[in-house]
Amino acid sequence: IDQRDQFISKQCFNPFFGYAKSQIEKARGLNKKIVNPVTERLTPYDFIYTFKGQGSTKFSDWLDNRSLHQEFCGLVNVPNMHDIYGVYYDFGAHITAYPDWREDGRFLSFCQEYYGETERVAVIERLSQMVPIGYRGVIKNDAKADEIRLSSIDDKHTRPMCFISYNQSGYSTHCRQYAEYQEWVSNRNPKRYESNLDKNYDSKNMMHCFRLMHMAAEIAEGRGMILQRTEDRQFLMDRYHLSKERIGSAFSHGSPYQSLAAFLNVVRLKKAAKMLSSSPEMSVSDVASACGFSSGSLFARNFKQYYALTPTEFRQNPSSFTDMVK
């Protein structure tokens, strides 16, 4: 009990440390939209895979490697297997659309393998006799396509050229994330976005963490909990992500104030004037401390230099000086 002033309660610890820790985790979270942009809307075709050894490969790559095209494919459900489809191919439509098919080595090699022909001449002769069937393709040739297409297979003796798996839940998640990202882009704060581009964290979350750290230091120094935060130099640096040199340069070019210190002094004095008129229960020294002045004499000297009145004189008739504190 004699050393209780050296400890803090859980009720005090959690709001400061717990919240500060959560802000750091949020600032560097991998689910942040700024580090996971979803700029392109994909189609179901991007979520279709086929077997490759003991793993899988994108169906689009599988087709490209064989000079095949998704618009000539026909999909059929595989009974009792969720989101698994057999893939058939309209070779007649392919050779009609691509007259130079006889010179396509990858296409002919696949056809030889598919039909079990040992001689290329034999597979060319077989393909030459084919006519288009009219399969519907995997998806529409449309950037807005949002579902796969099934086809009717009349020849029950035709065997599928492969089987595919459609990751429908993955596509649904992508559509939700894309919509959320576009909404975030339209509503985001441009300045905050620009300031965060070259960082691996969100500066707004870190700003909350810095504020808690400043408040914790003030409590540790015996200054109590200062809820009205003054715009001191460090807070400006934390809030706007500026260096001391950059802040100083901004105030030396095009500013009515000679320096940042002069600007902050005016901000504190105007805040003090408002508190003197609106908080009669506070002493002049309390107002000085709340506004960031290190001593009452320093506050009184600066106040009189700016307003041509002492704080006490101002407080006696504040209504007469309303325009001076705006």
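In strand S4, Tyr 85 is the bridge partner of Asn 77. The model is predicted, so local features need pLDDT of at least 70 and side-chain atom pairs count only at pLDDT 80 or more, while totals for chains, interfaces and linings use all residues. Residues are numbered from 1 along each chain as its sequence is written, and side-chain values use heavy atoms, with hydrogens and water left out.

Strand S3 (residues 73–77) runs antiparallel to S4, and five bridges join the two. Strands count as paired if DSSP finds at least two bridges between them. Helices (H or I, at least four residues) and strands (E, at least two) are DSSP runs, numbered from the N terminus. The hairpin of S3 and S4 has six residues between the strands. In this hairpin, Asn 80 takes a positive phi near 65 degrees. S4 also pairs with strand S5 (residues 162–166), again in the antiparallel sense, over four bridges. Here Gly 86 stands opposite Phe 163 of S5.

S4 spans residues 84–89. Six of its six residues are buried, so the strand is largely enclosed by the rest of the structure. Buried means under 20% relative accessible area, exposed over 50%, and partly exposed in between (1.4 Å probe, protein chains only). In a regular strand, side chains alternate between the two faces of the sheet. Ile 84, Gly 86 and Tyr 88 point one way from S4. Tyr 85, Val 87 and Tyr 89 point the other way. All of these residues are buried.

A search of the whole structure finds three salt bridges. The criterion is a side-chain nitrogen of Lys or Arg within 4 Å of a carboxyl oxygen of Asp or Glu. Side chains of opposite charge can pair when their charged atoms come close.

Asp 46 bridges to Lys 58, with the closest N and O atoms 4.0 Å apart. This pair links distant parts of the chain, twelve residues apart. Asp 46 lies in the loop between helix H1 (10–27) and strand S1 (48–52), and Lys 58 in strand S2 (residues 55–58). Asp 46 is partly exposed at 24% relative accessible area, and Lys 58 is partly exposed at 27%.

Arg 126 pairs with Glu 117, the closest N and O atoms being 3.3 Å apart. Arg 126 is partly exposed at 34%. Glu 117 is partly exposed at 22%.

Arg 176 and Glu 180 form a salt bridge at 3.5 Å, N to O. Both lie in helix H6 (residues 168–187), four residues apart, about one turn of the helix. Arg 176 is partly exposed at 44%, and Glu 180 is partly exposed at 32%.
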